[in-house]
Amino acid sequence: MSTEKIPYRVVLPESQLPRHWLNLRALMPGGPEPLLNPATGSPITREELCAVFSEGCADQELNTTQTHIPIPEEVFDAYRSYRPSPLCRAYGLEKALDTPARIYYKFEGGNTSGSHKLNSAVAQAYYAKKQGLRGLATETGAGQWGTALSMACAHFGLELSVFMVKTSAAQKPMRPQLMKLFGGKVFESPGSATETGRAMLGADPQCGGSLGTAISEAIETVRSQSGIRYALGSVLDQVLLHQSILGLEARTAMDQLGERPDLVIGCAGGGSNLGGLLAGYLPDRFENRPAPRFLAVEPEACPSLTRGEYRYDFCDAAKLTPMAKMYTLGCDFMPPKIHAGGLRYHGMSPLLSKLYAQGFLDEACAVSSQEVFESGRLFARAEGILPAPESSHAIAAAIRQAMKCRISGESSVILFNLTGTGYCDLAAYGL
């Protein structure tokens, strides 16, 4: 295809910003397995969920029938400040790799949080404000989610407590400062602010923490204080619902270019990145129409899809949460202190887990930190954007596919999600 016909960057007009989220749970055959109350073994009820989440988010978590859910006007107005986000053709990377492949990426890093996380943060903060809550509590790994939720809570006038994985807080000191700039209170996890944190430090004073640990501390905070609820940045269906907006935009932009991806790639930690992008194309697979191959990319150090078991497990280390059926390494798994902090979760989204078990999610692979950072550096030099380590996992897989095309001489259209910038990760790049 002539390069003159394909611009470097496509930004949809505001009039084409989606007005509905796409509920994959209502479309997929059978739907994901229900969350369970660990005490009774029964599916979690709305009342039980509302003790943890805002009422609006609890309703979305349980919604199995409504395919298209309207985006509230207040959320849509907030989206308009940074959406639609651009779809980019990676001409520089194609040239550097000398490949006939055509590589596209959806760039979600054009807001202060530097990531796609704001799509769900705005929605969750809105539902908390609508309910009359005074604040939220959450966990964060790399800090992108914590930053995004701090921004969203500031926008809606809510308090926020963020429990940040201790290893990541040490690796990325600018992230806690960003959260504090927007009014968030930041606690290293495990820490002394909760009984859970104190117990973990008592057992291991050098514990670097995990997302499961930070979730436990956030849940304990919600249970011990009135007027606040828990918000999460990945894993559950409500988050994938909010992130569908980026996949819907990507599909519209690709269609306008007359391009159809052969391969869609997303990094996979809890599932918000990958699930959001897949929303643009999974309906084709469900309805037996031609569809791309779907590839999940995770770190070798935390390989839930490629090495985990598909079973019910707790979503946090202290076993305070409902149980979810997912690919899991075990809720007590303590990951190595890798720099891709957003991919250090022990389990995978229940929705994506079932899609993988059913074969709708075609493939998963794990890549090493060395390959991740080599790919990120190459992308930065070729495209002028420094990617977060999480997104560099998808870049590594895209490069692998592009190199196969160079060897075979066959073209292929590759689409991946660039959902984070790496300006707080310079130390990890060895610079």
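Visitor: Which cysteine sulfur is closest to the sulfur of C315, and how far away is it?
Guide: In this predicted model, a disulfide requires two cysteine sulfur atoms within 2.5 Å. The closest cysteine sulfur to that of C315 is too far for a bond. It belongs to C331, at 9.3 Å.

Visitor: Is C315 buried or exposed?
Guide: A residue counts as buried under 20% relative accessible area. C315 has 10% relative accessibility, so C315 is buried.

Visitor: How far is the sulfur of C267 from the closest cysteine sulfur?
Guide: C267 is buried, with a relative accessible area of 4%. The closest cysteine sulfur to that of C267 is in C365, too far for a bond. The distance is 11 Å.

Visitor: How many disulfides does the structure hold?
Guide: A disulfide is a covalent bond between the sulfur atoms of two cysteines. Neither the sulfur of C315, 9.3 Å from that of C331, nor the sulfur of C267, 11 Å from that of C365, is in reach of a bond. For the structure, the number of disulfides is zero.

Visitor: Where is the proline that R83 joins through a cis peptide bond?
Guide: The cis bond joins R83 and P84, with omega of about -5°. P84 is found in the loop between α4 (73–79) and β4 (87–89).

Visitor: What is omega for the peptide bond from S189 to P190?
Guide: P190 lies in the loop between β8 (185–189) and α10 (195–203). The bond from S189 to P190 is cis, with omega near 5°.

Visitor: Is V235, which has a positive phi, buried or exposed?
Guide: V235 is not a glycine, yet its phi is about 75°. V235 is found in the loop between β9 (228–230) and α12 (237–257). Its relative accessible area is 7%, so V235 is buried.

Visitor: Is N288 buried or exposed?
Guide: N288, also not a glycine, has a positive phi of about 60°, and its place is in the loop between α14 (282–286) and β11 (293–299). Exposed means over 50% relative accessible area. At 73% relative accessibility, N288 is therefore exposed.

Visitor: What is the radius of gyration of the protein chain?
Guide: The C-alpha trace spans about 60 × 45 × 40 Å along its principal axes. For 431 residues, a compact globule would have a radius of gyration near 22 Å, and the value for the chain agrees with this. That value is 20 Å.

Terms used: Residues numbered from 1 in each chain as written. Predicted model: local features only at pLDDT ≥ 70, side-chain atom pairs only at ≥ 80, totals over all residues. Heavy atoms only, no water. Rg over C-alpha atoms; globule rule 2.2 N^0.38 Å. Buried < 20%, exposed > 50% of the residue type's maximum accessible area, 1.4 Å probe, protein only. Helix = DSSP H or I, 4+ residues; strand = E, 2+ residues; numbered from the N terminus.
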